Amino acid sequence: MATDVLRNIRVRIEKAAQKLGAKTVPDWMLEELLDCEEKFYISVNIKIPDPANPLEKIPKKFNAVRVWHRKPDPEDIWKGGLRFHPDVTLSQMEGHAIEMSIKSWIMKLPHGGAKGGIAIDPYAWPKETLEDVTLQFSKRAIRRGIMSPRIDIMAPDMGTDARIMDWIRDYYILSTGDNIIGNGVVTGKSVDKGGILGRKSATGLGMHLALQTFCEAGEIVLPKKRTAIVQGFGNVSSNFCALADEFNISVIGVVDQFGGVYCPTGLDINKMSEFAFAKTNKYKTINGSECVSPTYIKASFDELMTIGADLFVPAAMEEVITTTVAPKMNFKVVLEGANGPTLADADEILSQRGIKVIPDIYANSGGVTVSYFEWARNTRRFHSDPRICIPENDETSVKTALQTMFRSNGLELIQTAKKYKIPYREAGYALAIERVSPDIKASNRMD
Ligand code: NAD
């Protein structure tokens, strides 16, 4: 169970603030950056069939939380994922909400970071229960004034997807009657519910664009045809794998919480998807996928870490690269798809071993960026920064807009790393804080 997410983020913010100096980040601002402004607990009570007597219903309670970090400008919205996972805790969500702010500020998006989740295993319950839980959560969130296209916009995260976003969107419009901008209450929706083309693959695509930016800038040198080992085969990871070929990457290993598979000549991603997303595969796991080809070998996470590749792509849970794992990792680059996959202490080990890390706060920001495009289109709100151009709703325009933002902001991150002689992760935090510090100072004066 994740316990250190918040501590990790705080260590990183403190380090970056130290580099920037007290003139840019005075003590009061550091305190604001380290803490979240609002924390909501929501009890989700539903009725489920009684296992002892399926004709009767019994009450069941699920705990939910939603956290808001900081907004540089009071007119900004809160934005961040909604997770369905049994291990959701307040402190974990606080850490991820702070990360969301940092990520948005690196990409110049007008957001305060938010994050939330419901402590539920989405694979253990039928569709009816998941829908019930989603609607009860939405009802309470709307009543408490948290859920609105003008206030806080949720999006898919672990265990949630377009189907769940569609349920929230439908319920919001039905219960508030807001059929003008109600579509904007969530992002990552189906296209016929107001979603944007390219959102589903946006995080995976963004990770490729992040690596491309670092390679083109000469920061990372890799062979023309690269190999990768990926953790997870969910939304982020399967989309990363599906695009790998286009970016000259051969995925030679994939692993999830149940097991993994390895093939030195490359896995067939279409066949892996057929296996993982088959109707009969309840947990959507790739465990057992060695049956896909006689050349595939079953492999554990530890085995894949020592086998190694050019890239390791953690795209599942937080805190998987620990001080025990980091010394045995046989990779040139870590490209972070998950939020918070590397512990702060493990970062030091990777750095000493010459393994470069393209950090989550930049690498996985494709999802929130395309979500912003979706929300801006839904609400007809456009950014005051003319460098952010909201694309048309077609995949090519979305991809081009994303590429432009990854390039320009990635190059600034690299410049920041050079200026302060710090690793990319610290540079990402420094760049984000530097960008918003005048706004935070100004809004604080207005108070
Ligand atoms: P998902 O639920 O679609 O997929 C999660 C994957 O992780 C599944 O393949 C699952 O089997 C695997 N997994 C779960 N627990 C694991 C464990 N203990 N060890 C190894 N594998 C495990 O989730 P997702 O939306 O792909 O999100 C994955 C990560 O990416 C999360 O950290 C999330 O916060 C982050 N993220 C998601 C988005 C997005 O757009 N969905 C955007 C940015 C970051």
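This is a predicted model: local features need pLDDT of at least 70, side-chain atom pairs count only at pLDDT 80 or more; totals for chains, interfaces and linings use all residues.

The entries below go through the sheets, the helices on them, the salt bridges and a few single residues.

**Entry 1**

I began by tracing an open sheet of five strands, and I read its order as β1-β2-β4-β3-β5, with mixed pairing. At the edges I found β1 (38-50) and β5, each of which pairs on one side only. From one strand to the next, I noted an average twist of 25°.

Next I went through the pairings around β3. Strand β3 (residues 77-84) pairs with β5 in the parallel sense, and I have five bridges for them. As an example I picked G81, whose bridge partner in β5 is A155. β3 and β4 also run parallel, joined by six bridges. Here I wrote down R83, with G117 as its bridge partner in β4.

Which helix packs on the sheet and touches β3, β4 and β5? I found that to be helix α12 (residues 366-379), with a direction at about 120° to that of β3. Helix α3 (residues 90-106) lies across β1, β2 (53-68), β3 and β4, and I have it running at about 150° to β4.

I also asked how many residues of strand β5 (residues 152-156) are buried. The answer is five of its five, so I noted the strand as mostly covered.

**Entry 2: the seven-stranded sheet**

I then turned to another open sheet, of seven strands, in the order β9-β8-β7-β6-β10-β11-β12 and again with mixed pairing. β9 and β12 (356-358) are at the edges; each has a single partner strand, so one side of each has no neighbour in the sheet. The twist averages 25° from strand to strand here.

Within this sheet I looked at strand β6 (residues 226-231), which pairs with β7 in the parallel sense over six bridges. A228 stands opposite V251 in β7. I also logged helix α6 (residues 202-216), which lies across β6, β7, β10 (309-314), β11 (331-335) and β12 and runs at about 130° to β12.

**Entry 3: salt bridges**

How many salt bridges does the count come to? I get 28.

I opened D152 and R66, whose side chains meet in a salt bridge at 2.8 Å, N to O. D152 is in strand β5 and R66 in strand β2, so the pair ties together parts that are 86 residues apart in sequence. Both D152 and R66 are buried.

Next came D178 and R150, a salt bridge with its closest N and O atoms 3.6 Å apart. This pair links distant parts of the chain, 28 residues apart: D178 sits in the loop between α5 and α6, and R150 in the loop between α4 and β5. Are the two partners buried or exposed? D178 has a relative accessible area of 12%, so I call it buried, while R150, at 55%, is exposed.

R169 and D170 form another salt bridge, at 2.6 Å, N to O. R169 counts as buried because its relative accessibility is 17%, and D170 as partly exposed because its value is 27%. I also marked a network of salt bridges that links R12, E336, D347, D360 and R425.

**Entry 4: single residues**

I checked backbone angles next. Most residues other than glycine have a negative phi. N248 is not a glycine, yet I read a positive phi of about 60° for it. N248 is in the loop between α7 (235-244) and β7 (249-256), and it is partly exposed at 34% relative accessible area. K284 is likewise not a glycine and has a positive phi of about 50°. I place K284 in the loop between α8 (269-276) and β9 (297-299), and its relative accessibility of 27% makes it partly exposed.

I168, in helix α5 (residues 162-176), is buried, with 0% relative accessibility. Leaving out residues up to four places away in sequence, I listed its contacts as L82, T134, S138, M147 and V186.

My last stop was the surface, where Y123, F258 and Y283 form a nonpolar patch with about 270 Å² of accessible area together. Y123 is in the loop between β4 (111-118) and α4 (127-143), and I noted Y123 as partly exposed at 35% relative accessible area.

Conventions
Residues are numbered from 1 along each chain as its sequence is written. Side-chain values use heavy atoms; hydrogens and water are left out. Patches are made of residues with over 30% relative accessible area and no salt bridge: like charges are joined within 9 Å, nonpolar side chains (Val, Leu, Ile, Met, Phe, Trp, Tyr) within 5 Å. Accessible areas come from the Shrake-Rupley method with a 1.4 Å probe; for residues, only the protein chains shown count as cover. A salt bridge is a side-chain nitrogen of Lys or Arg within 4 Å of a carboxyl oxygen of Asp or Glu. Helices (H or I, at least four residues) and strands (E, at least two) are DSSP runs, numbered from the N terminus. Buried means under 20% relative accessible area, exposed over 50%, partly exposed in between (1.4 Å probe, protein chains only). Two strands pair if DSSP finds at least two bridges between them. Axes are lines fitted to C-alpha atoms, for helices over the stretch in contact, and angles run from 0 to 180 degrees between N-to-C directions. Contact means heavy atoms within 4.5 Å.
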